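Please look over the sequence and the structure first.

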Amino acid sequence: MHVTHADFSAGRRVDAPSRCETFIRANAFDKPTLVLDIERVAEQFHALKAGLGRADIHYAVKANPAREVIERLVNLGSHFDAASRGEIELCLSLGASPDTISFGNTVKRASDIAFAWNVGVTLFAADAEEELEKIAEHAPGAQVYIRLIVEASGADWPLTRKFGTTRGKALKLLGMARDLGLEPVGFSFHVGSQTRDPAMWSDTLDQVAAIWGEAQEAGFGLTLINIGGGFPAYYGQEIAHPTYYAARVMEQVDARFADATRVMAEPGRGLVAEAGAIAAEVLLVSKKSDDDLHRWVYLDIGKFSGLAETIDEAIRYQFVTDRDHEDTGACILAGPSCDSADVLYEKRPVSLPLGLKAGDKVIIRNCGAYTSSYSSVGFNGFPPLDVIVI
């Protein structure tokens, strides 16, 4: 894929109808459906790889585990970040080599560690003593990297506390891994999901570089730095072209980790979000009182059927209707379930056409990531999100 320097710095504005939107307009759907453009996934892979350079892309399978996505990425030479036995089995079944898969979840069932080791997976994440003990027992001699806690970076969806260990404990875990007969090879971290500006990586990389330096001075001879995900998608706020973005991140990585012979990146959202759109429908438009300032617009899809990332209104999806030429007004957007938590946007209402009514089709843009994978159970009897790959 040839990309000029001008393309690198161009902001991303995805306002033109995508192939997914064209498909949705041409077809009828009896339930919420994610339409995924597999060629768009391939384009994003090439664009990110052009900027990441020497870093290996380990696609975060959890972002969208559609078989067509995994198969195409295998053919493109991608590596994979798996969080479970099921994801490992999926990747292997579609042709991925076990040496391209890292078991990146720091909370693993012992039998799943044994399974992964027996099928040829050799790289595991850990952030606690007990996890290292499990890996040593069930994957003796395996390579391990230690996940670090980092301070919030300004990401739209910070990822802190649940995973990782502190600076004060990191070297202790490296030493324990070595004493258990494992091969401690490096560190991993996550700058936070939807980190829109590559400059936001600077402070986080400084934090990790300080710990890396301490480990090298202590004689651990680390070789691997896993920079995790954080690569953004377009949700209405301008972002850099993925090649430009990735290149700016790698400039910062190379400046701090010149002695790392292996760099891993784990894009999920940045690879698949913009490749998908959801076909949805308005179920009801109402006001709670005659003098209510805002309408309530209820869709046939909500937090429990694919739009979980609207929790705390962190991810702001874009909505397209056939009435977008009409006057618009603020509304509270909600899902269809009988759970009062199933409200998508209330603190910051969404502007939608005033003429919107039950039965109108709504297209939700850039929904290829963390929608179908969050919609695996038919909560309240509403069907899980259907997926069509074009």
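## Two residues with positive phi

Asp312 sits in the loop that links strand E13 (295-299) and strand E14 (318-321). The model is a predicted one. Asp312 is not a glycine, yet its phi is positive, near 60°. Most residues other than glycine have a negative phi. Because exposed means over 50% relative accessible area, Asp312, at 65% relative accessibility, counts as exposed.

Tyr370 also has a positive phi, about 55°, and is not a glycine either. Its place is the loop between strand E17 (361-365) and strand E18 (386-389). Is Tyr370 buried or exposed? The relative accessible area of Tyr370 is 11%, and the limit for buried is under 20%, so Tyr370 is buried.

## The barrel

Eight strands form a closed barrel, and their order is E3-E4-E5-E6-E7-E8-E9-E11. The pairing is parallel. From one strand to the next, the twist averages 30°. In general, strands of a sheet pair through backbone hydrogen bonds, either parallel or antiparallel.

Strand E3 (residues 56-60) and strand E11 (residues 262-265) run parallel and are joined by two bridges. On this pair, Asp56 stands opposite Met264 in E11. E5 and E6 likewise run parallel, with two bridges between them. Ser102 has Leu123 in E6 as its bridge partner.

## Strand E6 and its two faces

In a regular strand the side chains alternate between the two faces of the sheet. Which residues of strand E6 (residues 123-126) lie on each side? Leu123 and Ala125 are on one side, and Phe124 and Ala126 are on the other. These four residues are all buried, and both faces of the strand are covered.

## Helices on the sheet

## Helix H3 with helix H10

Helix H3 (residues 38-52) packs with helix H10 (residues 242-256) at an angle of about 30°, and their axes are 7 Å apart. Angles under 35 degrees count as roughly parallel, so H3 is roughly parallel to H10. The crossing of H3 past H10 is right-handed.

On the H3 side, the contact is made by Gln44, Ala47, Leu48, Ala50, Gly51 and Leu52. H10 contributes Pro242, Thr243, Ala246, Ala247 and Met250. Of the residues in this contact of H3 with H10, eight are nonpolar, three are polar and none is charged.

## Helix H3 with helix H4

The axes of H3 and helix H4 (residues 67-76) come within 10 Å of each other and cross at roughly 40°. H3 and H4 are therefore oblique to each other. H3 passes H4 in a right-handed crossing.

Which residues of H3 meet H4? They are Ile38, Glu39, Val41, Ala42, Phe45 and His46, and they meet Glu68, Val69, Arg72, Leu73 and Leu76 in H4. In the contact of H3 with H4, seven residues are nonpolar, one is polar and three are charged.

Terms used: Residues numbered from 1 in each chain as written. Predicted model: local features only at pLDDT ≥ 70, side-chain atom pairs only at ≥ 80, totals over all residues. Heavy atoms only, no water. Pairing = 2+ DSSP bridges. Axes fitted to C-alpha atoms, helices over the stretch in contact; angles between N-to-C directions. Parallel < 35°, antiparallel > 145°, perpendicular 65-115°, else oblique. Left-handed = near helix turned anticlockwise from the far one by under 90°. Contact = heavy atoms within 4.5 Å. Nonpolar A, V, L, I, M, F, W, Y, C, P; charged D, E, K, R; others polar. Buried < 20%, exposed > 50% of the residue type's maximum accessible area, 1.4 Å probe, protein only.
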